[in-house]
Amino acid sequence: MEPVRTCVGCRMRAPRSALLRVVSIDSVLVPDERAVMPGRGAWVHPTSECVDAALRRRAFVRALRVSGPLDTQTIEQHIQRKG
């Protein structure tokens, strides 16, 4: 049985394999495709809609428990390449 996670963008539950794990390294959002990077992670569908919704709602800041703004360029570029 595969683990289930909740997307921080749309708040829908999905299998872990259908979501992208995102971590914060020095206030930069970084995609963790293999889900092995240390630290807290947030799970999001790898679609621009879910990533945009999470950014609008500041869901990454809450889920990753960081203070201050996050640099989102890396995750946005990753989604554009995959999309």
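I am working from a predicted model.

**Entry 1: leucine 55**

I looked up leucine 55 and found this residue in helix α1, which spans residues 48-56. Is leucine 55 buried, exposed or partly exposed? I read a relative accessible area of 24%, so leucine 55 counts as partly exposed. I then listed its contacts, leaving aside neighbours within four places in sequence, and got Leu29, Phe60, Thr72 and Glu76. I also checked a pair distance: leucine 55 and arginine 5 are 50 residues apart in sequence, and their C-alpha atoms are 18 Å apart in space.

**Entry 2: the two sides of α1**

Next I asked which residues of α1 are buried, and noted Cys50, Val51, Ala53 and Ala54. These residues lie on the same side of α1, because they cover an arc of only 160 degrees around the axis. I reminded myself that an α-helix has 3.6 residues a turn, so residues three or four places apart point the same way. On the other side of α1 I found Glu49 and Arg56 exposed. What covers the buried residues of α1? My list includes β5, α2 (59-64) and α3.

**Entry 3**

I turned to the strands and found an open sheet of 3 strands in the order β4-β3-β5, with antiparallel pairing. The edge strands, each pairing on one side only, are β4 (28-32) and β5 (42-44). Neighbouring strands of this sheet are turned by 40 degrees against each other on average, with direction ignored. How many bridges join β3 to β4? I noted 5 bridges between β3 (residues 20-25) and β4, and the two strands run antiparallel. As one example, valine 23 has valine 30 in β4 as its bridge partner. Helix α3 (residues 73-82) packs on the sheet, where it touches β3 and β4. The direction of α3 makes about 40 degrees with that of β4.

**Entry 4: aspartate 32**

I stayed in strand β4 to look at aspartate 32. With a relative accessible area of 3%, aspartate 32 is buried, because the cut-off for that word is under 20%. What does its side chain reach? I found the backbone nitrogen of methionine 37 at 2.9 Å. A polar contact of 2.5 Å also joins the side chains of aspartate 32 and arginine 21. Not counting residues up to four places away in sequence, aspartate 32 touches Leu20, Arg21, Val23 and Met37.

**Entry 5: the cysteines**

Last, I searched the whole structure for disulfides and got 0. Cysteine 7 is in no disulfide, and the nearest cysteine sulfur, that of cysteine 10, is 3.7 Å away. Cysteine 7 is buried, with a relative accessible area of 0%.

Notes. Residues numbered from 1 in each chain as written. Predicted model: local features only at pLDDT ≥ 70, side-chain atom pairs only at ≥ 80, totals over all residues. Heavy atoms only, no water. Pairing = 2+ DSSP bridges. Helix = DSSP H or I, 4+ residues; strand = E, 2+ residues; numbered from the N terminus. Axes fitted to C-alpha atoms, helices over the stretch in contact; angles between N-to-C directions. Contact = heavy atoms within 4.5 Å. Buried < 20%, exposed > 50% of the residue type's maximum accessible area, 1.4 Å probe, protein only. Arc of directions from axis to C-beta. Disulfide = S-S within 2.5 Å. Polar contact = N/O pair within 3.5 Å; in protein donor to acceptor, adjacent residues only side chain to side chain.
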